[in-house]
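Here are my comments on the model you sent. Please read them with the structure open beside you.

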Amino acid sequence: MSTADSLSASGRSSEKLSLPSLQSKMKIDPEGYETELGLVYNQFKSALDLFQQQAALNFASSSGVCADPTISKDLSDRASFLAHVTPFYPKQLAEFPAQLAEFLKSSARTLPSGLRCHVTQALILLINRDMVDISETLALFMELQTLGDRTLRNLAFTHVVHSIRKMNKKHKNEAKNRALQNILFVMLQQDDEARAKRALITLCELHRRKVWFDDRTANSICMACFHSSSRIMIAALSFLLDYEKIEDDDEDDSDASSGEDDPNPRSAQVVISKEYIYKVCDSTSPLLGRTGVDTLKEAHNQGTVSSKKKKKAKLQRAIRSMKRQQRLSSENNNSNYYSPFNHLKDAQGFAERLFSRLQTCNERFEVKMMMLKVIARTVGLHRLILLNFYPFLQKYVQPHQRDITNLLAAAVQACHDMVPPDAVEPLFKQIVNQFVHDRSRPEAIAVGLNVIREICLRIPLLMNEDLLQDLVLYKKSHEKAVSVAARSLITLFREVCPSLLIKKDRGRPIDPKARPKAYGEINIVSSVPGAELLEQLDYNDEDKENSDNVDDLASRGSDEDSENDEMVSASDEGDQSNARAIVKKVNKSPSRKRKFSDFDGQLLAADTSLRALKKMTEEKLKKPPSDSTDGILSNEDFRRIKELTAKKDAKIALTRQGFKVPSSDDLSAKRVDPAKLEAHVRAKLSKEERLAMVRAGREDRESYKSKIAVKQKKTGGESNRQKEHKKQMPLAAKRAKVERSRQEKKRKQNRSGKQFRGKKAWK
């Protein structure tokens, strides 16, 4: 029965309405069109039954397209119509969503492509309008992605991702999320490759968009590396390795609820400027003492405009260094760095299982390299001890090895201070012997020196004095890459252990007695970092006040003593006349007078100052320290600590010649870039690239011509030489020239007439 016939049977024959127009009228007046709704719903049921009967009788062709396209068209139109009007008739169409989902679940593989997409879109519309819960249809949509229809796969995948994002946008329902995650986790563990692949892709996308940003999802993705299918393993390895390179282009990619997970705002940074650097270097700074910095002692506190270039360059380097350190510290404090490896529940077991699979697998070289990188990243990030991993790497450490820089980067990543130096020493010696020798290519020497520097940055105990002095000699190499790598090694050991370098290579280290920590040695923090700077500042302030008080007391004491001396002398003048004569005799000798008076004043001042110092020392001993009363620092104290730390960093940055050695935690979290190991190394150009460079150099140059041809085509005037040749000489010069030519001509004639023709044989 068609739509027009159904409407005529309902008494509305005058109105020939199509399904879209009927849909708009039903949304305006739902109660007035309940009869038409029942007719369309019955038509949908009859079309559904008819289609299922045809499928049971095998009326479908081998391509899956129904023999009667009109039935498919009617079924898809009525399904879309009912999906749009279901929110207005919740009671009448209460069973429609379940019927639609059951129809897709039972007949999805045999449905035509167009009908399958239309029915799926109708079901998505019902889910978006909260008529159906996503937890009831997630398994169905994951099953639809395994079919061979690309359009349906993209449609189902996009719907699943956006539905889960929408569900977690305002607040997260942990119980509901766990139920959905369990469905995907079960599919990921199945042996069916298609289902496991779609589940892995969905989990990776939700984790990348920070919708499911928890440890369960990250740990499940990591466990996919042990799937029986190599494709699933490769997909998981690729996601784990490329996660740090992912950059979200859209702001919508980050979930709004991620702010609840990361509530730490960016900490306020101390603004670093040129005036601030000069202010730090001021002679009155309590951190630098009263002498200041020698390099800036002539500069004004607010900065000078006409400073020397060297001084300006040093200031700019100090500012850049401090800004970089503040940016790195703020990133570490805000925990912006994240990797799925952080959520591994059993990192040691994960690394051991993956390493055992690497040793026994028969995959191609690229896959083995990916597994090796993941193992090295896990070992370095969690600071694991996997002693068999370093001899395994040692077999492949050759200059001619394929992707040797990636392999060496993985070796560097797997080194940390918790690994015994004896376990890494054979690998270290292999790198030195294979890469750094006189017959090796400059590119290999540069890469080897860079790798040695990075390994020694993590395990300095591997280096000895003889080896370091041999490697340092490469600083005189004519190859830029080799000399730069050798100088970077010198710079490192100036900070780590200057005693291993010879005297001329040590420079001016910050700590001449610095040495690397012994294996297993750790520094235990017993107080708030930077609190000693606050105590030092308070101590300097108290010293200034104490010195002022001592001066006041000493001056007061000297004044009182002078007054007492005057009173005593006045009383003695009336009684003792002999003493007056003695004083007159003493006054006649100025040296003796100065001696006695200075001695008395010095005694009184010393007595007064000693009493004042003793009194102040007792008061200071009675007064408890600022942080010992309650052991709690206020926000103002932390702000002052931050400022004092910035000033101290400015002083170190100005006086430091090398670089600051990062901590072991920073090195573990840092990802080693293989491109940095071959820095300054010029890659060998192909013939096409060389020809392109030659042609590029000839663009602004004319074709080759001889000098004569250039002279002949000259369009300007005569040259200076030609002008000199035609220049008129003075009369005296002409006469002298004529005389010289005449004498030369006569001389030639005389020589021609008396030529020697041989010796005569007789006399």
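The numbered points below go from the whole chain to single residues.

1. Basis of the model. This is a predicted model, in which local features need pLDDT of at least 70, side-chain atom pairs count only at pLDDT 80 or more, and totals for chains, interfaces and linings use all residues. Residues are numbered from 1 along each chain as its sequence is written, and side-chain values use heavy atoms, with hydrogens and water left out.

2. Confidence. The pLDDT (the predictor's confidence in each residue, from 0 to 100) averages 75 over the chain, and 70% of the residues score at least 70. Over residues 4-16 the pLDDT stays under 50, and the model has 15 contacts beyond four places in sequence for them; a contact means heavy atoms within 4.5 Å. Residues 279-303 also have a pLDDT below 50, and this stretch has 42 contacts in the model beyond near neighbours in sequence. Where pLDDT is low, the predicted coordinates should not be read in detail.

3. The chain as a whole. The chain contains 34 helices and zero strands. Both kinds of element are DSSP runs numbered from the N terminus: helices are H or I with at least four residues, strands are E with at least two. Of the contacts in the chain with a separation of 6 or more, 72% are between residues 24 or more positions apart.

4. Surface and burial. The chain has 763 residues, and 36% of them are buried. Buried means under 20% relative accessible area, exposed means over 50%, and partly exposed lies in between (1.4 Å probe, protein chains only). The accessible surface comes to about 48400 Å², with 51% of it belonging to carbon and sulfur atoms. Such areas come from the Shrake-Rupley method with a 1.4 Å probe, and for residues only the protein chains shown count as cover.

5. Helices α4 and α6. How are these two helices arranged? Helix α4 (residues 69-85) packs against helix α6 (residues 113-128) at an angle of about 10°, and their axes are 9 Å apart. The axes are lines fitted to C-alpha atoms, for helices over the stretch in contact, and angles run from 0 to 180 degrees between N-to-C directions. The angle therefore makes α4 roughly parallel to α6. That term covers angles under 35 degrees; over 145 is roughly antiparallel, 65 to 115 is roughly perpendicular, and the rest is oblique. On the α4 side the contact is made by Ser72, Leu75, Ser76, Ala79, Ser80, Ala83 and His84, and on the α6 side by Leu115, His118, Ala122, Leu125 and Leu126. These residues divide into seven nonpolar, five polar and no charged. Here Ala, Val, Leu, Ile, Met, Phe, Trp, Tyr, Cys and Pro count as nonpolar, Asp, Glu, Lys and Arg as charged, and the others, Gly among them, as polar.

6. Ala83. Beyond its neighbours within four places in sequence, Ala83 is in contact with Phe96, Ala122, Leu125, Leu126 and Arg129. Its C-alpha atom is separated by 9.1 Å from that of Gln121, which is 38 residues away along the chain.

7. Asp505. Helix α24 (residues 503-506) includes Asp505. Asp505 is buried, at a relative accessible area of 4%. With neighbours within four places in sequence set aside, Asp505 is in contact with Val472, Lys475, Ile490 and Arg494.

8. Two aspartates in loops. Asp346 lies between α15 (309-334) and α16 (347-360) and is partly exposed, with a relative accessible area of 49%. The C-alpha atoms of Asp346 and Asn219 are separated by 9.4 Å, with the two residues 127 apart along the chain. Asp438 lies in the loop between α20 (421-435) and α21 (442-458) and is exposed at 72%.

9. Positive phi. Asp130 is not a glycine, yet has a positive phi of about 60°. Asp130 sits in the loop between α6 and α7 (134-144) and is exposed, at 67% relative accessible area. Arg383 also has a positive phi, near 55°. The place of Arg383 is the loop between α17 (365-382) and α18 (389-394), and Arg383 is partly exposed at 25%.
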